[in-house]
Amino acid sequence: MLRTAGLAREVLDRARRRRVNWPQPREEDSESLSAAFASVVEFMNRTTKECEKYYSSVPVCRCRENEIKHVCRYHNRQAAENLLKALEKEKNKTSPVSSPAATPQQHGREASKDIYIEVAPGTYSVTATSEDMVKQTHVVDITAGQSIDLTFSL
């Protein structure tokens, strides 16, 4: 115990001897820092616009899952909803029309399942997947204290 106390005193003494007097920021420094942040914000806005332009021109069928997640997470709600609607249309075009033989199999499934999840305010992409791997996604914007009901038809 004495050794620890002695080491602590030595460290404190060395720290006192090494005291650094930091210079006070000058007004010019804060102006250049503000200008630097402004240019970073401008660059980020320009990059976001270019990214949105790119994803609006790419056919949805060529988008991978991580690209869809990117749009849902980092771009505005309208862009995400447009992408998901186009994805749904693309799936409807390529999926075969359900035959009457498939109908009884669907009646055997569980009618519904309620899930309650508490999350922080923000924009979320919620995806549900059926047993036969059919996915459906909803993009929601949650505010503080808000409750939202989502219904998935799978």
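Here is a friendly set of questions and answers about the structure above.

Me: What kind of model is this, and how are its residues numbered?
Reply: This is a predicted model, in which local features need pLDDT of at least 70, side-chain atom pairs count only at pLDDT 80 or more, and totals for chains, interfaces and linings use all residues. Side-chain values use heavy atoms, with hydrogens and water left out, and residues are numbered along each chain as its sequence is written, from 1.

Me: In what order do the elements of the chain run?
Reply: Helices (H or I, at least four residues) and strands (E, at least two) are DSSP runs, numbered from the N terminus. The chain has five helices and two strands. Read from the N terminus, the order is α-α-α-α-α-β-β.

Me: What percentage of the residues of the chain count as buried?
Reply: Buried means under 20% relative accessible area, exposed means over 50%, and partly exposed lies in between (1.4 Å probe, protein chains only). The chain has 154 residues, and the share that counts as buried is 13%.

Me: Which residues does Cys63 touch, leaving aside its neighbours within four places in sequence?
Reply: Contact means heavy atoms within 4.5 Å. Cys63 is among the core residues that touch the most other members. With its neighbours within four places in sequence set aside, its contacts are Tyr55, Val58, Ile68 and Leu83.

Me: How far apart are the closest N and O atoms of Arg46 and Glu42?
Reply: A salt bridge is a side-chain nitrogen of Lys or Arg within 4 Å of a carboxyl oxygen of Asp or Glu. Arg46 and Glu42 are separated by about one helical turn because they are four residues apart in helix α2. Glu42 counts as partly exposed, at 47% relative accessibility. The closest N and O atoms of this salt bridge are apart by 3.7 Å.

Me: Which residue meets Lys53 in a salt bridge?
Reply: Look in helix α2, where the two partners lie three residues apart, about one turn of the helix. The N to O distance is 3.5 Å. The partner is partly exposed, with a relative accessible area of 44%, and its name is Glu50.

Me: Is Glu67 buried or exposed?
Reply: Glu67 is found in helix α3, and its side chain meets that of Arg64 in a salt bridge (3.9 Å, N to O). The side chain of Glu67 also reaches the backbone nitrogen of Arg64 at 2.8 Å. Arg64 is exposed, with a relative accessible area of 55%. Glu67 has 12% relative accessibility, so it counts as buried.

Me: Which residue takes a positive phi in the hairpin of β1 and β2?
Reply: Two strands pair if DSSP finds at least two bridges between them. Strand β1 (residues 122-129) pairs with β2 in the antiparallel sense over eight bridges. The hairpin has five residues between the strands, and the one with a positive phi near 65° is Met133.

Me: Which residue has its backbone nitrogen 2.8 Å from a polar atom of the side chain of Gln136?
Reply: Gln136 belongs to strand β2 (residues 135-142), and Ala128 stands opposite Gln136. Gln136 counts as buried because its relative accessibility is 17%. Its contacts, not counting residues up to four places away in sequence, include Glu88, Val126 and Phe152. The residue whose backbone nitrogen lies 2.8 Å from that side chain is Ser153.

Conventions: Polar contact = N/O pair within 3.5 Å; in protein donor to acceptor, adjacent residues only side chain to side chain. Core = buried A, V, L, I, M, F, W, Y, C linked by side-chain atoms within 4.5 Å.
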